[in-house]
Amino acid sequence: MPPKKLNHDFAPKKIKIKKDSKIKLKKKKKKKSSTSNAAAVNGTENRGVDSEWWILFWDKNSPIPGSMVPQDEEEGFKYFFRVSKKTFEYICSLVREDLISRPPSGLINIEGRLLSVEKQVAIALRRLASGESQVSVGASFGVGQSTVSQVTWRFIEAMEERGRHHLKWPDHDNLQKIKSEFEKSFNLPNCCGAIDATHIVMTLPAVQTSDDWCDQVKNYSMLVQGIVDDKSRFLDIVTGWPGGMTIPKLLKFSGFYKLCESGERLNGNPRLLSDDLDIREFIVGGANYPLLPWLITPYSESDEMPGFNTVHEAARSLAVRAFSQLKGSWRILNKVMWRPDKQKLPSIIVVCCLLHNIIIDCGDCIKPDVSLSCHHDLGYVEQWCKQVDPVGRKMRDNLAKHLENNK
Amino acid sequence: MLSSKSSNWLHRLRASRGFPDSDHIDLDHFLSSSPHQIHPPKTPPLPHHHKSNDNGSISDLLSDLFHMGADFQPKSRTKKASRKQHCSKICHLSTNSDARVSPSPLPSPLPLPLAASSNHVVEEEDAKALSAYSQTEVTVIDTSVPCWKFEKVLYRSKNVWKLGEKKGKALITTDRNKRLMNDNLHKNKFKKKFKLCTNSSKFNNQGHDQGKMVVANEKKRDHCSQVREKSFGKKQKEEDSTPLFKVLSKVGK
């Protein structure tokens, strides 16, 4: 079905008609009515759900032979914005109060009309999803680079504030569900999640103050650490630390570590298994993490218990998958950012994580071709952490025995 | 009796110092003829002398501690060379009243700066320890921390990382908050203008200038009306617009 041309000239025409109808009225009356009508039109346009932008966008960016863009409109929407139209509406409802354009701070397009919330959200999502330049994103929406910059940042600020409930450590009931899923899938009792970290690469000016952001492969980068559940949904995020920091240090600086060490997290009842083994709540992490009572890492090749590492890696891959999906869906994180504001970058990262969770929470599926085809932290070699806690070692042995006994 | 006694001691003094024992000596002649015979006594510094002249002693003290400028002439000194200081000294103010500076006119290592420097050394050691570290300000988002976002100073020396609090740390004020504040400010400004506008309607017959002001406000109101419309609803808008309209109509007349 060819898209209808409901262009932006519609509203101004409407105003003109109204104005013309008032010609015969007295001067003062006309003055009043034209003002209020203009406001009313703007108000309706600004408050109501705007679908015009998509018709225009789809018309402008419709699939051409040989392009990656799906022919189906719904699929095309997901291709450009990573979310279904339903989820898009939900996101708009979250940020509507913050993004609704109000003069004088309200953003306007070239024609001088206020940008609708829908169009603002679409611009921001497209910028995050594609990672394309602001100029390029602006061109696809008929707005300037500056508008893309402002709209994206306003969206990020609003989401950071309004979407927090989509990223929090689960309550008792939800944690039980997660644990039971881990046990069902991997036969790991009391496992609450998987942890991993990745680098967000950027360019920085070649000055001494940038040195701390230089990582082991001589990139300037920022670290993100995430703990995910059985659906690869983020439960905990830490970001903002320089890429040069080691993973054990990153963990140690995190609030999650402090809470676990003080017994305020992963403090549920231990599981007493049939073979008299005691398993406390824990998460799984890669070899670059320290082995702790609540963080189980794989065995080294020399002392591996048969089969344990395979199961462990399968569980841990949930976190690896989450980061591949994250960087694949929100390509801004996978591209080398050009001199980003290091104060703002953590917000961008967290909002991408929030969007990742919202997609899962709203029942949208992330298509396999959206995820990165390679590892999320390509070029970075996992450095084996030699830190081993004796209680952690005992825990890992118990888990290995449990897996061995329940083959 | 008294005069004889006084002459006696004077004679004795003159004799001991090699002065001629006469009441009518030609001092100029004496000095020019036999300077080598004069041995003025090396009087030790008298503390009470300085106590008696506090202003002099303070100025001496200050001149010991600081370069007082070329014009400064201490009253209690005659030997300028001895007071010259080779380099300026740090003045440590002490609240301890006993910690007086030596009144000696001779420049000597003063105990006060040395005593105070013990703390200074500690600070320098800290500074030295930190100077080995590079310093980076970081903004971190950690969802396990209730406030999510915080700022820290990160000290790094190779693989050693230390955390510090950001000096003069203020709440992170986001652009969003600023915008909200601006919006509120704008609303308030409009309210004020609106009050002015409605008040002026009472005195609308005061002349042409008054009318101009009202019209100017009305022009601005076109810009602001949408703010009010969105924030207070249609009813309120209609109520608000009525007096303005009246004002306009009166001005038009």
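Which residue in β3(A) is the bridge partner of A:Met222? In this predicted model, where local features need pLDDT of at least 70, side-chain atom pairs count only at pLDDT 80 or more, and totals for chains, interfaces and linings use all residues, the partner is A:Pro242. Residues are numbered from 1 along each chain as its sequence is written, chains are lettered from A and ligands numbered from 1 in the order in which they are written, and side-chain values use heavy atoms, leaving out hydrogens and water.

Let me stay with that strand. Helices and strands here are DSSP runs numbered from the N terminus, H or I of at least four residues for helices and E of at least two for strands, and two strands pair if DSSP finds at least two bridges between them. Strand β2 (residues 220-228) of chain A runs antiparallel to β3(A) and is joined to it by six bridges; in the hairpin they form, five residues lie between the strands, and A:Ser232 takes a positive phi near 60 degrees. Two bridges also join β3(A) to strand β1 (residues 134-142) of chain B, again antiparallel, with A:Val238 standing opposite B:Asp142. Nine of the nine residues of β3 (residues 234-242) of chain A are buried, so this strand is largely enclosed by the rest of the structure, where buried means under 20% relative accessible area, exposed over 50%, and partly exposed in between, with a 1.4 Å probe and protein chains only.

Now to the charged pairs. Taking a salt bridge as a side-chain nitrogen of Lys or Arg within 4 Å of a carboxyl oxygen of Asp or Glu, the count over all chains comes to 18. One of them pairs A:Asp212 with B:Arg156 at 3.9 Å, N to O; A:Asp212 lies in the loop between β1 (191-203) and β2 of chain A and B:Arg156 in strand β2 (residues 149-157) of chain B, so this pair joins two chains. A:Asp212 is buried at 4% relative accessible area, and B:Arg156 is buried at 17%.

Within chain B, B:Lys166 takes part in two such pairs, one with B:Glu137 at 3.4 Å and one with B:Glu151 at 2.9 Å. B:Glu137, in strand β1 of chain B, is 29 residues from B:Lys166, which sits in the loop between β3 (160-165) and α7 (175-202), while B:Glu151 in strand β2 is 15 residues from B:Lys166. B:Lys166 and B:Glu151 are both buried, whereas B:Glu137 is partly exposed at 48%.
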